[in-house]
Amino acid sequence: MERLINCHIVTEIECIDSVSGGNQHFEILFKRGNNEKYKLVFDSVWDFRYAIENAFITRSSKFIHDEEEKSNILLVENSEYVHYFGKQVSGTRPTERLKDYIIWDNVDTVIEILTNKEPILERL
């Protein structure tokens, strides 16, 4: 079963303003409830999904929630996405260090990122 846990970044996200990037580097700009602006930076992104929340309902309803603190940035343990990705690369890339991050806002956005490096949070 997929399990949601906290990562090293604990924050609430009111609204994701933009997602940009390519060539394994992605940046997510977002606002917190007090209108503070932040940038979440991911390097070494191997796969990326973006969806509206309604397209994510069935999968998210099956998650086991083991978060210690409320956050809109979480890690997925025992990720089906990592397992699927491992099959797709047919052993051409090592996937044992790959982590699955889920980021969502309070509006309707869900982003899922596979990476082997921890993201960096910057206040703007």
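## Aromatic pairs

Rings of Phe, Tyr and Trp (for Trp, the six-membered ring) count as a pair if their centres lie within 6.5 Å; planes under 30 degrees apart are called stacked, over 60 edge-to-face, and the rest tilted. By this rule there are four aromatic pairs in what is a predicted model, where local features need pLDDT of at least 70, side-chain atom pairs count only at pLDDT 80 or more, and totals for chains, interfaces and linings use all residues. Residues are numbered from 1 along each chain as its sequence is written, and side-chain values use heavy atoms, with hydrogens and water left out.

Phe42 belongs to strand β4 and Tyr101 to strand β8 (residues 99–104), so the pair ties together parts 59 residues apart in sequence. Helices (H or I, at least four residues) and strands (E, at least two) are DSSP runs, numbered from the N terminus. Both Phe42 and Tyr101 are buried, where buried means under 20% relative accessible area, exposed over 50%, and partly exposed in between (1.4 Å probe, protein chains only).

## Around Trp46

Trp46 and Phe85 have ring centres 6.2 Å apart and planes at 40 degrees, so this pair is tilted. With Trp46 in strand β5 (residues 45–52) and Phe85 in helix α2 (residues 80–88), the pair ties together parts that are 39 residues apart in sequence. Trp46 and Phe85 are both buried.

A charge sits over a ring if NZ of Lys or CZ of Arg is within 6 Å of the ring centre and within 35 degrees of the ring normal. Arg93 lies over the face of Trp46, at 4.2 Å from the ring centre, and Arg49 lies over the face of Tyr81, at 3.5 Å from the ring centre.

Tyr81, Val82 and Phe85 are the buried residues to look at in α2. They cover an arc of only 95 degrees around the axis (taken from the directions from the helix axis to the C-beta atoms), which puts them on the same side of α2. On the other side, Glu80, His83 and Lys87 are exposed.

The buried residues of α2 pack against β5, α1 (57–60), β8 and β9 (109–115), contact meaning heavy atoms within 4.5 Å. After α2 comes Ser90, with a positive phi near 50 degrees.
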